[in-house]
Amino acid sequence: MANVVEHITIFLSYVLFIVTFPLSLPFCLKVVPEYQRAIVFRMGRLRSNGPLGPGLIYILPNIDSVVIMDLRIITSEVVPQEVLSKDSVTVTVDAVILLKVIDPLNAVIKVHNFSYSTGLLAATFLRNILGTRNLHDILSDRQEISRTILNILDEATDPWGVKIERVEIKEVRLPYQMQRAMAAEAAASREARAKVITAQGELKASRALKEASDVITQSSTALQLRYLQTLNAISTEKESTIVFPLPIDIIPPEMVLLWFCFKSANEYQRVIIFRLGRMRDGTRGPGLFFVLPIIDLYYYVDLRVVTFDIPPQEILTEDSVTVVVDAVVYYRVSDPISAIVNIFNYGECTRLLGATTLRNVLGTKNLAEVLADRETISHAMQVTLDEATDPWGVQVDRVEIKDVSLPVSMQRAMAAEGEATREANAQVIAAEGELKASQALKEASDVMSGNPAALQLRYLQTLNTISVDRNRTIVFPLPLNLIRSFTSDSQKTMIYKTTTKKQENVAEGVPEAKHVCALMK
């Protein structure tokens with residue numbers, strides 16, 4: 001019965017195609033490119049002629065369904081997999097698969113979404129194969145692992161009509177701790193190899209030198225010739241210092257003894273000699289001086305000026321402000337005997353005493369004195385230090401305070417105080433200027449009040465000053481007493497009334513310009 005219905009449906013489709021021809025022609029013809037094949041299912045059944053294409057194919061609308069398969073190579077990325085290797089190291093591995101459909105019919109009928117299925121299968125094989133390898137094999141044998149996965153995956157996907165062209169492992173990511181451990185291991189291994197290579201080179205060099213020494217000892221002058229060759233080699237540069245290795249066998253023993261008995265001191269040095277623990281009279285130097293080996297002990301004392309920095313000291317001033325102060329001290333040895341006999345390490349003691357003196361002197365000063373009287377403080381420190389170090393044979397020449405650092409809060413407070421002081425001074429100066437100006441104006445008005453025409457001359461000077469620019473509008477203040485002499489009594493009365501009315505309107509808030517216009521009318 002089902003076959004009969006299928007045949008009837010197919011017949012009706014043909015009839016519909018013929019009736020609607022040529023309108024139905026675009027719906028019945030499909031174009032399949034060269035790299036594709038078409039699998040046609042009619043009423044759910046596969047057409048007997050298998051994959052169609054390339055070219056033009058014919059289908060019946062509504063009863064034929066078409067699945068297009070691409071025969072080109074497809075690239076698929078395997079999702080990164082966390083794999084536990086054989087030696088219990090967790091690594092993250094991702095790979096790339098290149099696959100190709102060689103049997104479109106099986107790729108459609110035997111598997112649903114062959115690309116997705118192949119990717120999952122590749123991820124599974126990747127985990128299984130890498131789980132049987134240790135970390136060293138995974139890092140070094142990628143090609144072999146890729147070929148193994150390729151063979152297994154190709155065999156598994158062959159029934160699906162899928163050919164695995166290539167499998168490549170993209171990246172193997174290790175944990176950060178493992179990377180550091182491997183780097184340390186590699187560094188240790190290289191250092192060990194370097195030591196072995198150095199030792200082997202030393203062994204070979206010692207053997208060669210032994211053979212060379214055996215050859216040279218056969219002739220007494222051969223070693224001297226080797227000396228001359230070395231001197232010739234190192235004397236290429238004119239500024240080089242050449243140490244001539246004089247053979248000790250040609251030097252008399254007395255000369256060797258004298259070499260250890262005579263020493264020299266520079267111009268800026270003095271030498272203190274102790275013979276069997278007792279100091280010999282005076283100092284030696286500059287120049288040559290004689291000592292007896294083994295029983296004489298001698299010390300060099302530098303007479304030049306020595307400079308040192310006192311480390312920054314946190315000091316609480318007299319007015320309870322914490323400041324950080326550092327200084328520089330210049331000293332020199334004036335008595336070498338006292339510098340050696342009376343104190344151990346006079347330089348270090350002078351440094352410590354300088355820091356203590358700085359704290360003591362500044363602790364008796366307030367902040368204003370520390371900031372303003374640096375010269376006085378430096379001189380006081382120099383005198384105090386010089387008195388303390390005089391028994392040591394040390395003379396302090398100079399002390400300079402380098403820097404005084406204040407806390408940030410104190411800096412802000414001082415800035416606010418200075419700003420307030422300057423603003424107050426500015427107000428006082430402005431008020432004093434206003435006072436002097438008012439006094440001068442009063443004296444000027446007293447002088448002008450003796451003659452009314454003087455004020456009119458001042459008006460004219462002002463007009464001359466402000467009329468430099470022609471575009472300005474000048475309001476000329478004309479006195480009323482000049483107008484009254486030229487007007488009659490009635491006009492005077494009108495002007496008086498108008499002026500009175502103007503003042504009343506101004507008091508009521510009416511603009512002044514309207515009354516001026518009324519007056520002009």
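At what angle do the axes of helix α4 and helix α6 cross? They cross at roughly 135 degrees and come within 10 Å.

## Overview

This is a predicted model. The protein has 18 helices and 16 strands. It has 521 residues, and 25% of them count as buried. Take the contacts between residues at least 6 apart in sequence: 63% of these join residues at least 24 apart.

## Helices α4 and α6

Helix α4 covers residues 114–130, and helix α6 covers residues 142–157. The crossing of α4 past α6 is right-handed.

On the α4 side, the contact uses Thr 118, Leu 121, Ala 122, Phe 125, Leu 126, Ile 129 and Leu 130. On the α6 side, the partners are Ile 145, Thr 148, Ile 149, Ile 152, Leu 153, Ala 156 and Thr 157. By type, the contact of α4 with α6 has 11 nonpolar residues, 3 polar and no charged.

## Ser 117 in α4

Ser 117 also belongs to helix α4. Is Ser 117 buried or exposed? Ser 117 is buried, because its relative accessibility is 17% and the cut-off is under 20%. Beyond residues up to four places away in sequence, Ser 117 touches Val 111, His 112 and Trp 160.

## Helices α11 and α13

Helix α11 runs over residues 346–363, and helix α13 over residues 374–389. Their axes come within 10 Å and cross at roughly 135 degrees. That angle makes α11 oblique to α13. Here α11 passes α13 in a right-handed crossing.

Which residues make the contact? From α11 come Thr 350, Leu 353, Gly 354, Thr 357, Leu 358, Val 361 and Leu 362. From α13 come Ile 377, Met 381, Thr 384, Leu 385, Ala 388 and Thr 389. The contact of α11 with α13 divides into 8 nonpolar residues, 5 polar and no charged.

## Thr 350 in α11

Thr 350 sits in helix α11 and is one of the residues in the contact with α13. Why does Thr 350 count as buried? Its relative accessible area is 0%, and buried means under 20%.

The side chain of Thr 350 reaches the backbone oxygen of Tyr 346 at 2.7 Å. Leaving out residues up to four places away in sequence, Thr 350 touches Phe 308, Tyr 331, Thr 389, Trp 392 and Val 394. Of these, Thr 389 belongs to the α13 side of the helix contact.

## Ser 264 in β9

Ser 264 lies in strand β9, which spans residues 262–265. How accessible is Ser 264? Its relative accessibility is 46%, so Ser 264 counts as partly exposed.

Which residues does Ser 264 contact, apart from neighbours within four places in sequence? The partners are Gly 287, Leu 288, Phe 289 and Tyr 300. Phe 290 is 26 residues from Ser 264 along the chain. The C-alpha atoms of Ser 264 and Phe 290 are separated by 8.7 Å.

How values were computed:
Residues are numbered from 1 along each chain as its sequence is written. This is a predicted model: local features need pLDDT of at least 70, side-chain atom pairs count only at pLDDT 80 or more; totals for chains, interfaces and linings use all residues. Side-chain values use heavy atoms; hydrogens and water are left out. Helices (H or I, at least four residues) and strands (E, at least two) are DSSP runs, numbered from the N terminus. Buried means under 20% relative accessible area, exposed over 50%, partly exposed in between (1.4 Å probe, protein chains only). Contact means heavy atoms within 4.5 Å. Axes are lines fitted to C-alpha atoms, for helices over the stretch in contact, and angles run from 0 to 180 degrees between N-to-C directions. Angles under 35 degrees count as roughly parallel, over 145 as roughly antiparallel, 65 to 115 as roughly perpendicular and the rest as oblique. A crossing is left-handed if the near helix is turned anticlockwise from the far one by less than a right angle, and right-handed if clockwise. Ala, Val, Leu, Ile, Met, Phe, Trp, Tyr, Cys and Pro count as nonpolar, Asp, Glu, Lys and Arg as charged, and the others, Gly among them, as polar. A polar contact is a pair of N or O atoms within 3.5 Å; within protein, one must be able to donate a hydrogen and the other to accept it, and residues adjacent in sequence count only if both atoms are side-chain atoms.
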